[in-house]
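The structure comes first, and the points follow by topic.

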Amino acid sequence: MLNQFVSFPEPGQMQALAMYDTNVSAATSESIKERMPHVLSVAGSDSGAGAGIQADLKTCAARGVYCSTVITAVTAQNTVGVQGVNIVPEKFVSEQLKSVLSDMNVTVVKTGMLPTVGIVKVLNDSLKQFPVQALVVDPVMVSTSGDVLAGPSILDILREQLLPMADIVTPNLKEASALLGGIKLQTISDMRSAAKSIHDMGPRNVLVKGGDLPASSDAVDIFFDGVEFCELRSLRIQTQNSHGTGCSLASCIAAELAKGSQMLQAVRVAKHYVETALDYSKDIHIGNGLQGPLDHLCKLKRNVHSSSRLQRFNPDDLLLYAVTDSKMNNKWGRSIAAAVKAAIEGGATIIQLREKDTETNNFLEAAKNCLEVCRLHGVPMLINDRIDIALACDADGVHVGQSDMPAHVARSLLGPQKIIGVSCKTPEQAHQAWVDGADYIGSGGVYSTNTKANNSTIGLDGLKTVCLASKLPVVAIGGIGLSNVRSVVELGPENLKGVAVVSALFDRECIATEARKLHTLVSETLKTTSAAS
Ligand SMILES: Nc1ncnc2c1ncn2[C@@H]1O[C@H](COP(=O)(O)OP(=O)(O)O)[C@@H](O)[C@H]1O
Ligand SMILES: Cc1ncc(COP(=O)(O)O)c(N)n1
Ligand SMILES: [Mg+2]
């Protein structure tokens, strides 16, 4: 169900694209409206507002995504526990589903409390009638306080009908155990086996959450995509204000998917989001019971004065990837920032500053100036190699080569919010980049180039092999320009999202004109290629 690389340009990007083509402005403002990333939460209301529908609304708001709601049950709930549950008749759940799904361009559906078999049935029917791009299933059964929210009677229909439609299912230990007939889950190795068995029920990905894992000093979750496991760890925050972690995690995954993230990246961001929310909430005091709620909007409050991007990475940003070169800028008498501005005005969708012979202090100054230009236009800016410069100017991410800082180290230094790209020539390197937590790979040199010394070429065949093996989106690089860009893009793998260029932009008299021509050619070729496949 999930299109791994769905794309939603931010308003800033749409403006940047519209700047060079006044004819598109009417259509553009219409498409901004249509393409607002939208999560529909099908879940129960929590009167205490830490979990359920309320957690989903707050989480999506904090992540910059629209959230609509279909309410399956109204619970009387507070920090002590659940005092009452009133189930919404399935006919009325069906009516709510129809109202939202028939009208509102939902991107991702996230489910929480589904208290009866009848409600799961009407949800299945609605999803078949109105397909969406992804389905995130949080198989809510018991609240953190230990109260039952959905009984064992729903297990069969969950296993047989809902899970096979899910792009990801996110059980906690008790829920995983219930899905598997009550087996004991006490260790990370048990969590792995559980993830595998639940995957056999049909969902494309499984995340077994270890918030309740006894005697573990980290909060460990196990992700399984049917082939590989990934162990996601974070600090265990010492707090009782953890009511709503599961709902927030699942709705954050849904929000990131709606913005175009890949599954594992969405999960990583969501885990970090929950960890941060727990940390910020640890000292709040709401209610007198043992299960205090998360303060979901802490991130928004913290970011109120920050200009950093709400949407961290959209694979479609790779479409026209401009890589700067100081020699060329010197030759044409331009500052790096002026070159970057011209590239963006022509339609560059992402910028990488690659300054091999600029002194550190000058590089940092230039990076700050370029970042201002990029932020103004909503275009992400990455730094080549230099993690220190990226950290110092708060760039959107880095691009590293095989002999630079390993991507997993870059990830641990930069955190999950930043974009990381890795240069890869082989399927093995592409696989390692995914394991290391990269967001995309750059693959080449496709053709020979003189902007990189001693760089072997892999040709179109090599590029295709890497794309087919890569779970990450790919940008092609090396000697690409107007004359050969069509053959690169026509190669066709779904994850080949764009081309990176240096000389074809920066060694030309008018950067914006070249960018405009390249942008048009790449986007048109991508459209016809994907329509043909
Ligand atoms: N004290 C904690 N510190 C950090 N992360 C936590 C903590 N408790 C739970 N988590 C994380 O919150 C998410 C929800 O997990 P869990 O509490 O197991 O699910 P649920 O809320 O559905 O019971 C998981 O990513 C888990 O690792
Ligand atoms: C209405 C409703 N839905 C879900 C939960 C699960 O809460 P948690 O996120 O703590 O597992 C809840 N307590 N109430
Ligand atoms: Mg919990």
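Helices (H or I, at least four residues) and strands (E, at least two) are DSSP runs, numbered from the N terminus. On that numbering, asparagine 105 belongs to the loop between helix 4 (90–101) and strand 4 (108–111). The model is predicted. Two ligands are treated below, and the second largest pocket is where ligand 1 sits; the space taken by ligand 2 is likewise the second largest pocket.

**Ligand 1**

- The shell around ligand 1 holds 15 residues, and Asn172, Lys209, Gly211, Asp221 and Ile237 come nearest.
- Strand 8 (218–224), helix 9 and helix 10 (263–281) supply at least two residues each to the shell around ligand 1.
- An oxygen atom of ligand 1 has a polar side-chain atom of lysine 209 at 2.8 Å.
- From glycine 211, a backbone N or O atom lies 2.8 Å from an oxygen atom of ligand 1.
- Isoleucine 237 places a polar backbone atom 2.8 Å from a nitrogen atom of ligand 1.
- On its own, ligand 1 exposes 550 Å², of which the protein buries 91%.

**Ligand 2**

- Ligand 2 is surrounded by 15 residues, with Gln77, Thr144, Gly244, Gly246 and Cys247 the closest.
- At least two residues of the shell around ligand 2 come from strand 1 (38–46), and at least two from helix 9 (245–258).
- With three residues, helix 9 gives the most to the shell around ligand 2.
- The side chain of glutamine 77 has an N or O atom 2.8 Å from a nitrogen atom of ligand 2.
- For glycine 244, a backbone N or O atom is 3.0 Å from an oxygen atom of ligand 2.
- Cysteine 247 has a polar backbone atom 3.1 Å from an oxygen atom of ligand 2.
- The accessible area of ligand 2 on its own is 380 Å², and the protein covers 96% of that area.

**Histidine 243**

- Histidine 243 is located in the loop between strand 9 (229–235) and helix 9.
- The relative accessible area of histidine 243 is 7%, under the 20% limit, so the residue counts as buried.
- The side chains of histidine 243 and aspartate 46 are joined by a polar contact of 2.8 Å.

**Backbone details**

- Glycine 444 and glycine 445 are joined by a cis peptide bond, with omega about -10°.
- Glycine 445 is in the loop between strand 15 (440–444) and helix 18 (459–469).
- Asparagine 105, a residue other than glycine, has a positive phi near 50°.
- With a relative accessible area of 48%, asparagine 105 is partly exposed.
- Aspartate 385 also has a positive phi, near 65°, and is a residue other than glycine.
- The loop between strand 12 (381–384) and helix 15 (387–393) contains aspartate 385.

**Helix 21**

- Helix 21 (residues 511–532) has 22 residues, which at 1.5 Å a residue should span 32 Å; the end C-alpha atoms are 31 Å apart, so the two values agree.
- Buried residues in helix 21 include Ile511, Ala515, Leu518, Val522, Thr525 and Thr529.
- Also buried in helix 21 are Ala512, Glu514, His519, Leu521 and Ser523.
- An α-helix has 3.6 residues a turn, so residues three or four places apart point the same way.

How values were computed
Residues are numbered from 1 along each chain as its sequence is written. Chains are lettered from A and ligands numbered from 1 in the order in which they are written. This is a predicted model: local features need pLDDT of at least 70, side-chain atom pairs count only at pLDDT 80 or more; totals for chains, interfaces and linings use all residues. Side-chain values use heavy atoms; hydrogens and water are left out. The expected span of a helix is 1.5 Å times one less than its number of residues. Buried means under 20% relative accessible area, exposed over 50%, partly exposed in between (1.4 Å probe, protein chains only). A residue is near a molecule or strand if one of its heavy atoms lies within 4 Å of it. A polar contact is a pair of N or O atoms within 3.5 Å; within protein, one must be able to donate a hydrogen and the other to accept it, and residues adjacent in sequence count only if both atoms are side-chain atoms. Accessible areas come from the Shrake-Rupley method with a 1.4 Å probe; for residues, only the protein chains shown count as cover. On a 1 Å grid over the protein atoms alone, a cavity is a set of points where a 1.4 Å probe fits but cannot get out, and a pocket is an open set with protein on both sides within 12 Å along at least five of seven lines; lining residues have an atom within 4 Å of a point. A molecule sits in a cavity or pocket if more than half of its atoms lie within 2 Å of its grid points.
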